[in-house]
Structures are given as structure tokens and as C-alpha cells.
Amino acid sequence: MDTLDTVRLTLRPIGLTDAPALYTMRSDPSVVEYTPAPLYTSLAQAEEYIARVRQQARRGECHVWAVCLRAAPAGMIGLVCLWNPTNAGAHFDIGYEQNPAFWGNGYMREAVGAALGYAFDKLSLAAVDANPMEANLPSIRLLASCGFVRVERDPDRGEMDVGAALFRCARPK
């Protein structure tokens, strides 16, 4: 999996050294409030997640990047992932989360933009989907700013979480 650079960020493959930062994020109720991720109660949960997604990445089932400031590429401030391939692998979902200490700086918009570039240019995906909870207005605004539009349910996707909406960003023509 490639490392991606933006003006202010480095997105690098997540590794076990990121477990403490992931634990810090996912043990904060405000970070997991609108996600299916459980509230972490131990560092071992973060280590298990990272081991699992690295194994899935080796099989091409997901791409998970640690989002880091370019000035401090060893310190994870968030993560962004492409996962859950659907429509015969033509679509992936995107997910993201960030340490609240870094909210409000536009970092996640930059990280999502880099992941979309990778999805379309490197993976040649037809579209990337997102499933924010209806009540997660900041996430919905972020998606809109990155070119996602709300779409009706896709029968190829199966069941979604109650209260989730479906947004899609199609590959640019």
C-alpha cells in the first residue's frame, strides 16, 4: 500500500506502533459516537484491530492509512480507510476518524481527498461510498465538500446500520 502526501499530511500504512494513538481516539466517546466501532477499553483492542486490517490489506480487502502531520510522520492524528468492497469490487466504502485535538483544521478533508485520489487513480474504482449517521452533520458536510452526494439505497450493498445514510462519490470523468 502506498504512502500518500498532501500539502500538510502524510498518509502511511497503519502499523502496530500506531496502537496507542488509535486507543486514545477510540476510547474517546466523541470519536466513536457515530460509528459502529466499540468504545475501546484496552490497548489490546487497538492492536487487534491493526493486526486484522493489515491482514485484510494484504488480501486487497481494505486500505488503512494512519493520518499524520507531515512535520511529524510518526504521530498518528487520525485514520482513513477504504474498505468493504461492493458491486463486484467496483466500489469501496470510506471511513475516517480523527483525534478531537485536531478537529476543525481541515485535515480530514485533505486526507479524504488523498484517499479518493488513490481510489480512482490507483485502484480504478467506479465510486467510493460513505455511510454517515444522519445525525453526524459534520461528517455529512465533510463528504459534501469532497464531492459526495446522497443517493438512494443500493440493493448490492445489503443492509445498512439503522440511521445511516448513503453518500457516493463517482469516479471523475
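Tyr107 comes out buried at 14% relative accessibility, where buried means under 20% relative accessible area, exposed means over 50% and partly exposed covers what lies in between (1.4 Å probe, protein chains only). The model is a predicted one, so local features need pLDDT of at least 70 and side-chain atom pairs count only at pLDDT 80 or more, while totals for chains, interfaces and linings use all residues. Residues are numbered from 1 along each chain as its sequence is written, and side-chain values use heavy atoms, with hydrogens and water left out.

On to the rings. Two aromatic pairs turn up in the structure, a pair being rings of Phe, Tyr or Trp (its six-membered ring) with centres within 6.5 Å; planes under 30 degrees apart count as stacked, over 60 as edge-to-face and the rest as tilted. Trp65 and Tyr118 make an edge-to-face pair, with 5.1 Å centre to centre and 85 degrees between the planes. Trp65 belongs to strand 3 (residues 63-69) and Tyr118 to helix 4 (residues 107-121), so this pair ties together parts that are 53 residues apart in sequence. Helices (H or I, at least four residues) and strands (E, at least two) are DSSP runs, numbered from the N terminus. Both Trp65 and Tyr118 are buried. Phe102 and Tyr107 have ring centres 6.5 Å apart and planes at 55 degrees, so their pair is tilted. Phe102 is partly exposed, at 24% relative accessibility, whereas Tyr107 is buried.

A charge also finds a ring: the charged end of Arg26 sits over Tyr49, 4.3 Å from the ring centre. The rule here asks for NZ of Lys or CZ of Arg within 6 Å of the ring centre and within 35 degrees of the ring normal. Arg26 shows up again in helix 1 (residues 19-26), where Ala19, Leu22, Met25 and Arg26 are buried. These residues cover an arc of only 125 degrees around the axis, which puts them on the same side of helix 1; the arc is that of the directions from the helix axis to the C-beta atoms. An α-helix has 3.6 residues a turn, so residues three or four places apart point the same way. The cover over the buried residues of helix 1 includes helix 2 (29-32), helix 3 (43-58), strand 4 (76-86) and strand 5 (91-98), with contact meaning heavy atoms within 4.5 Å.

Next, the salt bridges. The count is seven, taking a side-chain nitrogen of Lys or Arg within 4 Å of a carboxyl oxygen of Asp or Glu. In one of them, Asp18 meets Arg12, with the closest N and O atoms 2.7 Å apart, and both residues are buried. Another joins Asp129 and Arg168 at 2.6 Å, N to O. Asp129 is in strand 6 (residues 127-130) and Arg168 in strand 8 (residues 167-170), so the bridge ties together parts that are 39 residues apart in sequence. Asp129 is buried at 0% relative accessible area, and Arg168 is buried at 18% relative accessibility. Arg150 and Glu134 also form a salt bridge (2.4 Å, N to O). Their relative accessibilities are 47% for Arg150 and 34% for Glu134, and partly exposed is the label for Arg150 and for Glu134.

As for disulfides, the search of the whole structure finds zero, with the cut-off set at a pair of cysteine sulfur atoms within 2.5 Å. Cys146 is in no disulfide, its nearest cysteine sulfur being that of Cys169, 7.9 Å away. Cys146 is buried at 15% relative accessible area, and Cys169 is buried at 7% relative accessibility.
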